[in-house]
Amino acid sequence: MANSSGKITKQIACIFGRNCFMPQKSQSIGKYSTSVFPKAETTTYYQPTKERTSLPDYRFVYPEFLPDPNPEFRNKLREKLERLDMLRRRAKISIPEFYVGSILAITVADPNSPSKNNRFVGICIDRIGCGLRASCILRNIVDGHGVEIKYELYNPLLKRIEVLRLEKRLDSTLYYLRDALPQYSTFSFDMEPEPRIEGATIPINPLQVELKPRPWYARWERANLMGVKDVNSHITEKMLKQAAIHEKPWEKFDLMKQYRSTIPEDEQVEIFSEVESQLKEQEVTWQNARRQSKFSRKPIKA
């Protein structure tokens, strides 16, 4: 009986191969470890782990270092050269941290001015562009008229940028201040910088402005603004219905639109890791220079 069973096993082994009834042997191939008959309880799958660098808040503090997400305007060589030029310019002039809603005072060289300088104070209503073309728009009410000036941040004529009040607003742009009451855009040219604790969180101003009666610069009832008070009180029922028709609530779930309008996180980490050390050195240098200027001020004689 034993001889017959041995013959049967040899015949089955010849049909299905020799390794079918061989004892288990582990085979190591690089980082993988396999066996001929792996058990279901001990089966492990190799999963490669990728170390991800934590992305700092540089994309909010230095948004101009991120390139245009439109692939038609992408050129990695030009972007790298621009970043080098931006760092050289930042070594000559301090470009502080500011956001839409912050109050700035910018001084530029003006050969037609008696003092050869021109200083303007206003609230930042938008930040535009990237790279060397980055700019901001300041708005103020001067002699009862709204005045807006667009400043290029890396313009060689720029001499000084002061942050008088560092804060954020509820909306990403403040163009609706053009149709708001003048009191929301009026700031004194003698305004002094407000003290701020270094490292503190940036406050968000929850102010809601009141708009003037129509006509307006744009159809603000369709923009879903958080910083405007009672938009619907200035429009008719027909305009309300049209605003409901033009709503696009699905856009916040459109992943392709977000992908086309942003830079991938891995690429952001790569860009900011390239300029991080120099930005930190320049920030420390300008902080020390500001502290020395404060202590070196002479007291005003009575």
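Hi everyone, let's start with β5 and β6, which run antiparallel and are joined by eight bridges. A word on terms: helices (H or I, at least four residues) and strands (E, at least two) are DSSP runs, numbered from the N terminus, and two strands pair if DSSP finds at least two bridges between them. Please keep in mind that this is a predicted model, where local features need pLDDT of at least 70, side-chain atom pairs count only at pLDDT 80 or more, and totals for chains, interfaces and linings use all residues. Residues are numbered from 1 along each chain as its sequence is written, and side-chain values use heavy atoms, with hydrogens and water left out.

Back to that pair of strands. Asparagine 140 stands opposite valine 147 in β6. The hairpin of β5 and β6 has two residues between the strands, and aspartate 143 takes a positive phi near 55 degrees there.

On to β4 and β5, which also run antiparallel, with five bridges joining them. Here isoleucine 123 has arginine 139 in β5 as its bridge partner. This hairpin has six residues between the strands, and in it glycine 129 has a positive phi near 80 degrees.

Where do these strands sit in the sheet? The sheet is open, has five strands in the order β6-β5-β4-β3-β7, and its pairing is antiparallel. At the edges are β6 (145-152) and β7, each pairing on one side only. From one strand to the next, the twist averages 35 degrees; for such angles, axes are lines fitted to C-alpha atoms, for helices over the stretch in contact, and angles run from 0 to 180 degrees between N-to-C directions. Strand β3 (residues 103-109) pairs with β7 in the antiparallel sense over six bridges, and valine 108 stands opposite leucine 158 in β7.

How covered is β5? Seven of its eight residues are buried, where buried means under 20% relative accessible area, exposed over 50%, and partly exposed in between (1.4 Å probe, protein chains only). Leucine 153, in the loop between β6 and β7, is buried too, at 1% relative accessible area. Its C-alpha atom is separated by 5.9 Å from that of alanine 134, 19 residues apart along the chain.

Now, cysteines. Cysteine 124 is buried, with a relative accessible area of 0%, and cysteine 136 is buried at 0%.

Next, charges. Side chains of opposite charge can pair when their charged atoms come close. The whole structure holds 18 salt bridges (a side-chain nitrogen of Lys or Arg within 4 Å of a carboxyl oxygen of Asp or Glu). Let me walk you through a few.

- Arginine 133 pairs with glutamate 82, with the closest N and O atoms 2.9 Å apart. Arginine 133 is in the loop between β4 (117-128) and β5 (135-142), and glutamate 82 is in helix α3 (residues 76-90), 51 residues apart. Arginine 133 is partly exposed at 44%, whereas glutamate 82 is buried at 11%.
- Glutamate 274 meets arginine 83 at 3.3 Å, N to O. Glutamate 274 lies in helix α6 (residues 265-295) and arginine 83 in helix α3, so this pair ties together parts that are 191 residues apart in sequence. Arginine 83 is buried, at 8%.
- Glutamate 162 bridges to arginine 119, at 3.4 Å between the closest N and O atoms. That links strand β7 (residues 158-165) to strand β4, 43 residues apart.
- Glu64, Arg90 and Arg127 are linked in a network of salt bridges.

Last stop, the largest pocket, with a volume of about 1800 Å³. On a 1 Å grid over the protein atoms alone, a cavity is a set of points where a 1.4 Å probe fits but cannot get out, while a pocket is an open set with protein on both sides within 12 Å along at least five of seven lines; lining residues have an atom within 4 Å of a point. Grid points are joined across faces, edges and corners, and a volume is the space filled by probe spheres set on the points.
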